[in-house]
Number of protein chains: 2
Amino acid sequence: MTQWLVNGMPDGSLSPQDRGLTYGDGLFETIALRAGKFRLLDFHLERLQVGCERLGIPPPATELLRAELKQVAVNCTSGTGKIIITRGCGPRGYRAPAQAQATRLVGLFPDSAGSLPSWRDGIRVRWCRTPVAENPALAGLKTLNRLEQVLARSEWEDEAITEGLMSTPQGQVIGGTMSNLFMVDDGQLLTPDLSRCGISGVMRRLILKVAAELAINAFEQSIDAERLLAADEVFLSNSLQGIAPVIQLDDQPLPIGPVSRKLMQALSQRGVSECAAA
Amino acid sequence: MTQWLVNGMPDGSLSPQDRGLTYGDGLFETIALRAGKFRLLDFHLERLQVGCERLGIPPPATELLRAELKQVAVNCTSGTGKIIITRGCGPRGYRAPAQAQATRLVGLFPDSAGSLPSWRDGIRVRWCRTPVAENPALAGLKTLNRLEQVLARSEWEDEAITEGLMSTPQGQVIGGTMSNLFMVDDGQLLTPDLSRCGISGVMRRLILKVAAELAINAFEQSIDAERLLAADEVFLSNSLQGIAPVIQLDDQPLPIGPVSRKLMQALSQRGVSECAAA
């Protein structure tokens, strides 16, 4: 049973005129609750603040968000927290109200037994036809405009395929529908440049930090399909699962390589238990 | 005071888990109520059905929507009707539930006196920096993913500027933040091709129909800024205002030309009273 606080009110609901609904005018965060603690919460709250600043939405106090997350998780040690911030209600029309009163939603989805299949031993991935459009104004942000991901995820039903890769109309691979992408080439770590589109994931940020600590060279670059298919290793990342080695991309099998294993071990030592060796 | 029906319930509200909020997973229509009748309602309902089909959302019965619009407008003869259809609630994640139960919102914004400044005598328009991203999967649809329009509209405060023009990152002009674009070149009517992005407006559809009846040649084409600036006439259209001649584009004055006037006269004879000569 999911618990929600809407502007601090338990079981609150949303106005039909909330701009989060009418225009997707807002942002969200999806946060792993593990052993009673929200993982990488500082990273999540930082991204949310940056997003609010870029969209011109008054950001909520982070202490308030921390307190409300604690409140919805009071009887739960493992699950997924969610924060949604919208520009709030306003008159009809795209123009933002001069004095926006942001709407703040904080919820928790408790884990049901076995609800998260482990990605640790590798996942199968496909290509999506739905492109991810380029818009530098929104690039990197986890906005409520996610129809592209919804359409991309609707392209397959096969339960054996965990994730789909999305590219720009110009053929640059950006990431999975719900994950960031990494490839290893000659010992170097590459991840798509997200300055024109894509979501800058918190686990991606942690991986780049850990790579630096391990003296693994890492670069944000343009990556097309040809380059990706020539990689020594490919993996995906997200905040709930850590690292997911890609062991099959369409018909091409891929190994779980040494760089992926090294990063997974390092993440597991930093609280990403999903990456721990079985 | 705005009246809303949510799945037929007066003053209903929305779940925080409605996919219309969480992903912008839905569509909307904005419909002029004039002299007690919803204008171009068939066009609006057709676009909504097409949108539902393209997004895979079970479309609501049009007779139900007509009845609910009548219900919210019972004491009103002039205003703006709004329909929002979302894919409804579902578990967390982009994947659409196999058996989606669409959410249906029908509302009415009554006109306050003088609430709609007339566009008939011409409007001033500017260029927006925020691009409109290309995504053929969503092109033409009036989806709830409208952050680009929100950001573009936030680029100016000057009340003398009515509308801003948006272009693709590749420089193709697509239309205004809340309107479609037309230009006249040597007696021919041109409007941007919307196969890769943009919203296919109901007033745009009526204008193309009326142009055919008046034997004005009309074409959907790629239009860049240079071509637009060389036009003999430029006008915008939307469902609430009909045709708005552009009399100034940034610093460049433009005339209200004979093709615009002819189309405005024809629209005013078809119930678009905003286009009638003063």
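Two residues count as being in contact here if their C-beta atoms, placed from the backbone, lie within 7 Å. Everything below comes from a predicted model, in which local features need pLDDT of at least 70, side-chain atom pairs count only at pLDDT 80 or more, and totals for chains, interfaces and linings use all residues. Residues are numbered from 1 along each chain as its sequence is written, while chains are lettered from A and ligands numbered from 1 in the order in which they are written.

**View 1. Helices H5 and H7 of chain B.** Helices (H or I, at least four residues) and strands (E, at least two) are DSSP runs, numbered from the N terminus. H5 (residues 202-213) and H7 (residues 258-268) of chain B pack with their axes 10 Å apart, at an angle of about 105 degrees. Those axes are lines fitted to C-alpha atoms, for helices over the stretch in contact, and the angles run from 0 to 180 degrees between N-to-C directions. H5(B) and H7(B) are therefore roughly perpendicular (angles under 35 degrees count as roughly parallel, over 145 as roughly antiparallel, 65 to 115 as roughly perpendicular and the rest as oblique). Look for Leu206(B), Ile207(B), Val210(B) and Ala211(B) on H5(B), which meet Leu263(B), Ala266(B) and Leu267(B) on H7(B). By class, this contact has seven nonpolar, no polar and no charged residues (Ala, Val, Leu, Ile, Met, Phe, Trp, Tyr, Cys and Pro count as nonpolar, Asp, Glu, Lys and Arg as charged, and the others, Gly among them, as polar).

**View 2. Helices H5 and H7 of chain A.** Over in chain A, the axes of H5(A) and H7 (residues 258-268) come within 10 Å and cross at roughly 105 degrees. That is why H5(A) and H7(A) also count as roughly perpendicular to each other. Here Ile207(A), Val210(A) and Ala211(A) of H5(A) meet Leu263(A), Ala266(A) and Leu267(A) of H7(A). The contact has six nonpolar residues, with no polar and no charged ones.

**View 3. Helices H2 and H5 of chain A.** The axes of H2(A) and H5 (residues 202-213) of chain A come within 9 Å and cross at roughly 120 degrees, which makes H2(A) oblique to H5(A). On H2(A), find Phe43(A), His44(A) and Arg47(A); they meet Val202(A), Arg205(A) and Leu206(A) on H5(A). Three nonpolar, one polar and two charged residues make up this contact.

**View 4. The two domains of chain A.** Chain A is split into domain 1 (3-110) and domain 2 (123-275), with bounds that come from an automatic or database domain assignment. Taken over C-alpha atoms, their centres are 25 Å apart. Where they touch, 18 residues of domain 1 are in contact with 13 residues of domain 2. Strand S3 (26-34) and helix H2 (41-55) each give two or more residues to the domain 1 side, and S3(A) gives the most, with eight. That side has six nonpolar, seven polar and five charged residues.

**View 5. Where chain A meets chain B.** Each chain brings the partners here: 45 residues of chain A are in contact with 45 residues of chain B. H4(A) supplies the largest share of the chain A side, six residues. By class, the chain A side has 21 nonpolar, 17 polar and seven charged residues.

**View 6. Chain A laid over chain B.** A rotation of 180 degrees with 0.0 Å of shift along its axis superposes chain A on chain B, with an RMSD of 0.0 Å. The two copies are thus related as by a two-fold rotation axis. Superposition is by least squares on the C-alpha atoms of residues with pLDDT of at least 70 in both copies.
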